[in-house]
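I opened my notebook for a first look at a new structure. Here is what I looked up, entry by entry.

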Amino acid sequence: MTFSEWRKLPVSLSELCINTTLRCGQSFRWHQLPEKEEWRCTLYGRLLSLKQDSNTLYYRTYQTQPAPSIPTPPTSEIPSRAQSDLDSGDSTNDQTLRIIKHYLNLTPNLSELYTQWSAQDPNFKKKAVQFAGIRILRQNAWEALVSFICSSNNNIARISQMVEKLCLHYGPYVATVDGRAYHDFPTPEALAGEDVESNLRSLGFGYRAKYIYRTAVMVSEERDEGWLNSLCNPETPAFGMEATPGEEMRPEGRQGYRDAHEKLLELQGVGPKVADCVCLFGLGWGESVPVDTHVWQIAQRDYRFGKGSHKSLTKATYDAVGNHFRKLWGQEAGWAHSVLFTADLRSFADRLAATKKVNVTVKEDDSTVEIKTEVTTAVTLTTLKQEEDVKVKVEDYEDKPLVEQPRGKKRKVTPTLDEVKHESQTTETRRMSKRTRR
């Protein structure tokens, strides 16, 4: 079989930028094809392919066998983001569109959220101009859990390699395209086999192998069926589930979020940061703020943490940072936090933003002077070359904040073909009398 024809979904880059959203450390399974300007991933038994221009998201599917049946979300009178699966008059048979709209979390108006966060936080306002279109994905909770267990003392490139190995060795086969095999994410049962831990160690997972195996056993054998999805935010439930009203927001987050966080801590390899990542990216709790050393550095640098009783990242400091951001940004604090996190990632160091060209033209006649100013702003998003899977020694480290380069030294940048360029022009015309000028 081949891919279907490209279909269109109107969405602007200010509302969704897949070149940023799909590689900023939320999901680790999207495969980029820079020469085709495409992103591919398997979701719910389907191989999906996405690409984008300034006003449209294009999508298509590739299937070699019937995809698993996906439940149709029941109708609900409760206004919520989960209703996006049924909105816009979509055909009930267009399951691919339902998957995409749910997964990419397309219902919230992102421009309005950015405006809200910018009004509350000057630092966010400064960074958001360069990083528009970042959305929080609504991922499968099990995938998010295992992926972020792999994130312990690791970087995005290596986490992606580990997740790819999990899919290739234990995930259901979906398709082979251009010589590359695509598998879906493995189930808890598939990772609970007796030889899983030893196999994962041989594949380079290290101590994480034990955590993945033990957590798979706990979820598949020691918890009730559907336990993990039961921890979801009721307003943004798992795909195909009905939305129900949410709870009152508190400074420390809603009670359902706190309960989910505590229950996740019972699993192997899950600390506060991993639990918050799962809550935010897999369970739909928007107030969840994962705090690692990277975010701690942002809190110190931009929000005056690190003084007095907040000199180091302890449990008390962890909670204080999360509560501060929840107070600052509200119920979607984790979303705003992810924008700032992305803005500091080393992998986005070569993004050129807000480069301005200013042309001033002056025209005079007998009585007035006309001053015409044109400001052209260009934004270029450059994707770095993907790292090859070669046998080299790689140190475990987290993506660190950007640091200023020493003066006199220039870093060589090799861009790829995957670039998104925008240009906007602002023209200002002023007229004044010659008498006023004098």
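I began with cysteines, and I took a disulfide to be a pair of cysteine sulfur atoms within 2.5 Å. By that rule I found zero disulfides in the structure. Cys24 is in no disulfide, and the nearest cysteine sulfur, that of Cys17, is 9.8 Å away. Is Cys24 buried or exposed? I call a residue buried under 20% relative accessible area, exposed over 50% and partly exposed in between, using a 1.4 Å probe and protein chains only. Cys24 counts as buried, at 3% relative accessibility. I then turned to Cys279, which is in no disulfide either; its nearest cysteine sulfur belongs to Cys277, 9.4 Å away. Cys279 is buried too, with a relative accessible area of 0%.

A note on what I am reading: this is a predicted model, where local features need pLDDT of at least 70 and side-chain atom pairs count only at pLDDT 80 or more, while totals for chains, interfaces and linings use all residues. Residues are numbered from 1 along each chain as its sequence is written, and side-chain values use heavy atoms, with hydrogens and water left out.

Next, the overall picture. I noted 14 helices and ten strands in the protein; these are DSSP runs numbered from the N terminus, helices being H or I of at least four residues and strands E of at least two. Of the 438 residues, 50% count as buried.

Then I looked up the sheet, where two strands pair if DSSP finds at least two bridges between them. In what order do the five strands of the open sheet lie? The order is 1-5-4-3-2, with antiparallel pairing. Strand 1 (7-10) and strand 2 (31-33) are at the edges with a single partner strand each, so one side of each has no neighbour in the sheet. On average, neighbouring strands here are turned by 30 degrees against each other, direction ignored. Strand 1 is joined to strand 5 (residues 56-62) by four bridges, and Arg7 stands opposite Tyr59 in strand 5.

Helix 2 (residues 95-103) packs on this sheet and touches strand 1, strand 3 (38-43), strand 4 (46-52) and strand 5; contact means heavy atoms within 4.5 Å.

My last entry is a hairpin. Strand 6 (residues 173-177) and strand 7 (residues 180-183) run antiparallel and are joined by four bridges. Thr176 has Ala181 in strand 7 as its bridge partner. Two residues lie between the strands, and Asp178 in the turn has a positive phi of about 55 degrees.

Terms used:
Axes are lines fitted to C-alpha atoms, for helices over the stretch in contact, and angles run from 0 to 180 degrees between N-to-C directions.
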